[in-house]
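Here are a few friendly notes to read alongside the structure. Take them one at a time, and keep the 3D view open as you go.

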Amino acid sequence: MKIDILRHIEFTLGRDPQTPDQYACFMGLAYSIRDRLVERWIISQRNLHETMSKRVYFLSLEFLPGRFLMNYLLNLNLVDEARSALQELGFDLDELEEVEWDAGLGNGGLGRLASCYMDSIAHLRLPGYGYGIRYDYGIFHQVIENGYQKEECDNWGRSGNAWEIRRREQLMPVHFYGRSDSFIDHSGRLRFRWVDGETVLALACDILVPGRGAEYVTNMRLWAALPSRGFNFQEFSQGDYVGAVEAKVLSENISKVLYPSDEIASGRELRLKQQYFFVAATLQDIIRRYKRQNSSFANFANSVAIQLNDTHPSIAIPELMRILMDEEGMEWDEAWSICENTFSYTNHTLLPEALETWPSDLLGRLLPRHLEIIYEINRRFLEVVRTSHPDEPELELELSLIQEGFIRRIRMAHLAIVGSHAVNGVAELHTAILKRGIFKNFARIFPDRLQNVTNGITPRRWLLQANPRLAQLITSAIGPDWKEDLNQLKKLVSCADDAGFRLEWMKIRQENKRRLARYVLRKTGIGINPDTLFDVHIKRIHEYKRQLLNALHLITLYNRIKSDSAKSFTSRTVLFSGKAAPAYHQAKRIIKLINSVAEVVNKDPDIKGRLRAVFLPNYCVSQAEKIIPAADLSEQISTAGMEASGTGNMKMALNGALTIGTMDGANVEILEAVGRENIFIFGLNAEEVAALRAGSYNPRRYYEEDPDLHAALNMIGSGFFSPEDPRLFAPILRSLLDQGDYYMLLADYRSYITAQEEAGRVFQNPDDWARRSILNTANMGRFSSDRAVLEYAGKIWNVQPV
């Protein structure tokens, strides 16, 4: 490998191989790894072509792969060889890993789930590909200034990206605007064509995804936007330098940033452009590949499965209809049958307001032919509803793809449900709530369409790579089979009763905590004690995820220590990390509150190190890989009935953390797996939340009757944590006391405090904590993404491993 690294430093980078710096060495290593992956990718694609396998296309607006270097080395079984080669060149592999920036291709759980599924598709040798957008700047780089979130440009690719392969020979034209033109063809049929408008080009950028052992390699194909005409020489010659490149800038904006702000009209239009851009390019690519081996579309649905990861790609349904009818000349019924049997849709939210809708005038201006097709899909669907339920006219209004009102809107989730042969939720509770809640009447119309596939995580990234010493200990105890079948972790159950094994387990966890402490000190300047309970809350900042409830507990702990400093407390470090959407002002205010509380706690001499709080900025995959192996307590405290699944709960439990959580999302299934004695459950369940909201919930009663809660809220409201602006957090208090406390923080507060007290007591007995930690890991087999992807393959995609 050393020879390959030096060759790429000299001939790919054009640098002197005798004096490489850290960057040159990283890039040389990266290109050497890519060479090996490309070789295996070509063999894998040849095999797919020869077997004519049905292929899966996983469409997702987000992927969140993290860093590639160690993942590739692990799957290629080249970690030791790379480490040795680098040592000969005077470099350390662990230090070199830090040169790589996380790829800015996603934001949170949706993108990370998509990347876990791509890992499993490759590991299981399934004929599948991921499709999305190659963002130049991702979502944003988060910095914390004076406690506030500040968004900066995430220029993750500024130093080059050795991993991607740009297919400049494969440029797909994507059209916008224009008009729909009707005409009578030579056989007397009414036909339509999309004319005029503007064209943008989509450039294919491939990033390879190897399975473990790298015998099978697939790829993500991400699209970058290019102008169809890059430079207006005439305008430039006349001195209009901005106008000369305007078309280029506007075209390239499509793949600049993930989730541009939708507070302004141009931002909303750009979001819709992004969705159609990657869908249109992807369908052209799918059809190009299909036509290489087929002369008609008769076998399309038996050769192609398209998975819509949330509603963002659902415009693919009318786009495929447009291609089949307007370009391939099919009649409606034939085209619709192909569409329905090709698409499947995964729902990821229980929040009605999060179900995407688009103003019909915007969609009609940007995609005029597609709006016509959506209207026709809706007309035919409502005829079915009317025929099957003639005595329920209100069903048509509820199920319609069109939301009537002052602004008529297109319901993209409804479009995805009607246009797919399978629709799934992502946890048993989530799917049950879909069936009896927001999609209950769709379940009546399509009784066999809605099903469940509980989310999963890849053990290769989240245990083998993130926690290698723990992985080695597990292998020494139960053998290596768990790496291929995570259910084999069940053999660890007996190890929980082995005192020697418990001791080794906790030694490794303690070293992980020391590593995290060094990282926190380097990133924030705050020292934390590895001997304390590491209480970890890492996820997107949102009111329903209830970081605010955790902050209330932090204030309560602070008050208790202050009021009785002589009393014995479980020393605790509370770690927060996560990003708030730039326009989500309440979430950003919660970040400021957390940082303000942390500043008071950390500076108070009376606390004497018994309580620390840290907000780690710029949460990302590589940061999660350092936090998760060190977590003692995993905060999964969303309002019951609002988290679809969650996967952070799975990652931390797999690494031996104990969960404190509500009966929400996949927490319910984790409870079933690990047993009630090995998890700290608290709070209202989903039915109780719904009943309380429908009744006469009075949050002020909890505030007035609970002294700890009363004190914590008064401190926030009085400016104790914001003396420079005592009213700074007034909007938070209003949401809790005057605006109904929609997320039920006050109703769950006392139960949460009790569960936290129990967690603290258990932590004081290290041997008992070790046993429960081992049992959490031992029972995580069912939460492998391999299991989830095999379920998709068997009951939704109908594909077999190559």
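1. A definition to begin with: two strands count as paired if DSSP finds at least two bridges between them. Please also keep in mind that this is a predicted model.

2. With that in hand, look at strand 17 (residues 533–538), which is joined to strand 18 (residues 572–577) by six bridges, the two strands running parallel. Within this pair, L533 sits opposite R572 of strand 18.

3. Strand 17 has another partner: strand 20 (residues 633–636), which also runs parallel to strand 17 and is linked to strand 17 by two bridges. Here D535 has L633 of strand 20 as its bridge partner.

4. Are the residues of strand 17 buried or exposed? Six of its six residues are buried, so the strand is mostly covered, where buried means under 20% relative accessible area.

5. Now try following the side chains. In a regular strand they alternate between the two faces of the sheet. In strand 17, L533, D535 and H537 point one way, while F534, V536 and I538 point the other way, and all are buried.

6. Next, visit the second largest pocket, which holds about 960 Å³ of space. Its lining has 29 residues, and those closest to its centre are D94, E97, Q465, P468 and R515.

7. Which helix gives the largest share of this pocket's lining? Helix 21 does, with six residues. Other helices that each supply at least two lining residues include helix 3 (69–75), helix 5 (93–97) and helix 20 (468–478).

Terms used
Residues are numbered from 1 along each chain as its sequence is written. This is a predicted model: local features need pLDDT of at least 70, side-chain atom pairs count only at pLDDT 80 or more; totals for chains, interfaces and linings use all residues. Side-chain values use heavy atoms; hydrogens and water are left out. Buried means under 20% relative accessible area, exposed over 50%, partly exposed in between (1.4 Å probe, protein chains only). Helices (H or I, at least four residues) and strands (E, at least two) are DSSP runs, numbered from the N terminus. On a 1 Å grid over the protein atoms alone, a cavity is a set of points where a 1.4 Å probe fits but cannot get out, and a pocket is an open set with protein on both sides within 12 Å along at least five of seven lines; lining residues have an atom within 4 Å of a point. Grid points are joined across faces, edges and corners, and a volume is the space filled by probe spheres set on the points.
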